[in-house]
Amino acid sequence: MATSAESSSVLEVKDLRTYLYTRWGTTKAVDGVSFRVNAGETLGIVGESGSGKSMLALSLVRLTPEPAGRIIGGQVVLNGRDLLALSAKQMRDVRGKEISMILQDPQQSLNPVFTVGNQLGEAIRAHDRTLSHDQTHDRSVAALKNVQVPAPEQRLRTFPHQLSGGMKQRIVGAMAMAYQPQILIADEPTTALDVTIQAQYLRLLRELQMRTGVGIIIITHDFGVIAEACDRVAVMYAGRFVEQAPVAEIFDHPKHPYTKALLDSRPRADSRTARLQSIGGSPPSLNDLPEGCRFASRCTYVIDRCVEEYPPTLLVGDQHVAACWRSEEAPWETP
Amino acid sequence: MVVEGLSKHYPISAGQYGGKTIGHVRAVDDVSFTIDRGKTLALVGESGCGKTTTARLILRMRTPTSGRVTLDDRDVHQLSGADLKWFRTCVQAVFQDPWASLSPRMRVRDIVAEPLVVNKKLSRDEVRERVGLTLEKVGMQRWHGDLYPHEFSGGQRQRVALASALITEPRLLVLDEPVSALDVSVQAQVMNLLKDLQADLGTAFLLISHDLATVRYVSDRVAVMYMGGIVETGDVEQIFESPQHPYTRGLFDSALPVHPSQGRRELRIHGEMPSPLDPPSGCRFRTRCQHAMEICDQTPATTTVEPGHAVSCHLFTTGSTN
């Protein structure tokens, strides 16, 4: 256990690289990503589809699709231990116990032919084979109570199809939180849920965090989720983080033109927008990345240097880093 | 287009192989609204509230249990023969998922031309010309017509679907969640395109969406649906600036914030939607409503609170507005 000055940082990821080797070339899905997550903190990772954010999440728990996906470099340090150096068996022990994951669609993460009790029990017994039937039952009930599922005893006997989407997502949450992990990764946890249930679910995650101090990583494409639930934000584009900052900073003073463009392209429910600013073009192929800044071809503020050289990630404010040659002057900020 | 008292009830049968009907799911129940020429009406609600069923009824993809859909004073569900062809050139649709709605085995130009070929007699050259023009209208190139759908990104595919729907120059376009399957940066492109097309062509839109921000950006009028019924209708500004029905208000509270400073608002809707197999009597929302009163077990009348803005809630019929 780390008890030094850095003790608040539970997870530290350094220069993580995950490439997919396919017949059509090498896809650099995650290409040198570094960040940390503190206890009791929520980090949001926001990006478009194909930016590599899901592959990043899978890399953290070492579940990248085999054999194409390979983590080729970097470190994932959880509590002072590099997860990438563990054996497959050791990793199985850590996964679901110290670091857990919730996937986007609860419909697909639950098996339709087993009851909730079966599946939750299996997740609990996976880390403790000595548990008796009754003990497993009690632990399952406790796990469901933990995520505020009403009438947990009855829920254990139901099949997934008898439950609503929001309830299923809670059950998946109960599995992930059964062992009080230090890190919970939620990949698009509310995308499949209804508006009124989304907000409830994000509140539930926050409440769990208050109680257990779990560090949460939320992966999303929705700035609404970021605004609702996150403390810090990382913006991902074409396999790399282009900006990282506390949540209010990102919204008020984006230091990367991509972040700015993403924020401007959202319609708002709270005021009338005359016309949305859309981002022209599309992201570069991860198989064939340009030499310079990956956003350069779509950027309004591009200068020669952007095309020639990838900008370094520099500190541009309090806990605020960005990878842009022009983040210092930030020409996109209206005076 | 005028919709009056439209209902669709699905029978529930006992046992696996049909058998006795033991009840009905009222997917759409006594829904009325009007879509004006060249304007956009949005149907908003959670999944399962009946908004897609309403769209299907309008498109003649389902037969209503009762009620009428009329286009130019003609009952849409009574049409046959040539009138039906007329209807199909007047009303077209774009669906949510452009990966599912375009045939992977047809070239884009054939997909776009199909509604025209089916419904109108035109020579090959005329069809080719119209396809080219329509593709340009939605911001694509003529040569894109030679490609297959898999060669395009999501946003481009949605443009193809839009071109195919627009080629007959319809007067009403039904858009069922047209941008929710697309990426954020692409959503903006497609929404802007929709607005431009409406300004150019004067097509009326029926927008089905659960995303309030999209609705606010694109529509003129809004109807909020809950469990098969419309609870509130009004102009987009009326609904967003002064929502009246407790459900509408709760829905707006649940919408995720635009800025982190708005994160700590109170959520007014708790719990989940009750089962449509056994809906609450009277006002369907009363089980989740914080203002529920005794009278709410009776169906509320629709009250006009200001010109063009109507609400179905007892809070407004009894005069005791909070």
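**Where two chains meet, and a look inside chain B**

Let's start where the chains touch: 35 residues of chain A and 29 residues of chain B make the contact, with two residues counted as in contact if their C-beta atoms, placed from the backbone, lie within 7 Å. This is a predicted model, where local features need pLDDT of at least 70, side-chain atom pairs count only at pLDDT 80 or more, and totals for chains, interfaces and linings use all residues. Residues are numbered from 1 along each chain as its sequence is written, while chains are lettered from A and ligands numbered from 1 in the order in which they are written.

On the chain A side, the largest share, six residues, comes from α8(A). (Helices are DSSP runs of H or I with at least four residues, strands are runs of E with at least two, and both are numbered from the N terminus.)

Now to chain B, where four strands form an open antiparallel sheet in the order β2-β1-β4-β5; strands pair if DSSP finds at least two bridges between them. β2 (21-34) and β5 (74-75) of chain B sit at the edges with a single partner strand each, so one side of each has no neighbour in the sheet. Further in, β1 (residues 2-13) and β4 (residues 66-71) of chain B are joined by four bridges, and B:Val2 stands opposite B:Thr70 in β4(B).

Finally, find two helices of chain B, α5 (residues 154-166) and α6 (residues 184-201): their axes come within 9 Å and cross at roughly 20 degrees. Axes here are lines fitted to C-alpha atoms, for helices over the stretch in contact, and angles run from 0 to 180 degrees between N-to-C directions. That makes α5(B) roughly parallel to α6(B), a label for angles under 35 degrees.

Key
Parallel < 35°, antiparallel > 145°, perpendicular 65-115°, else oblique.
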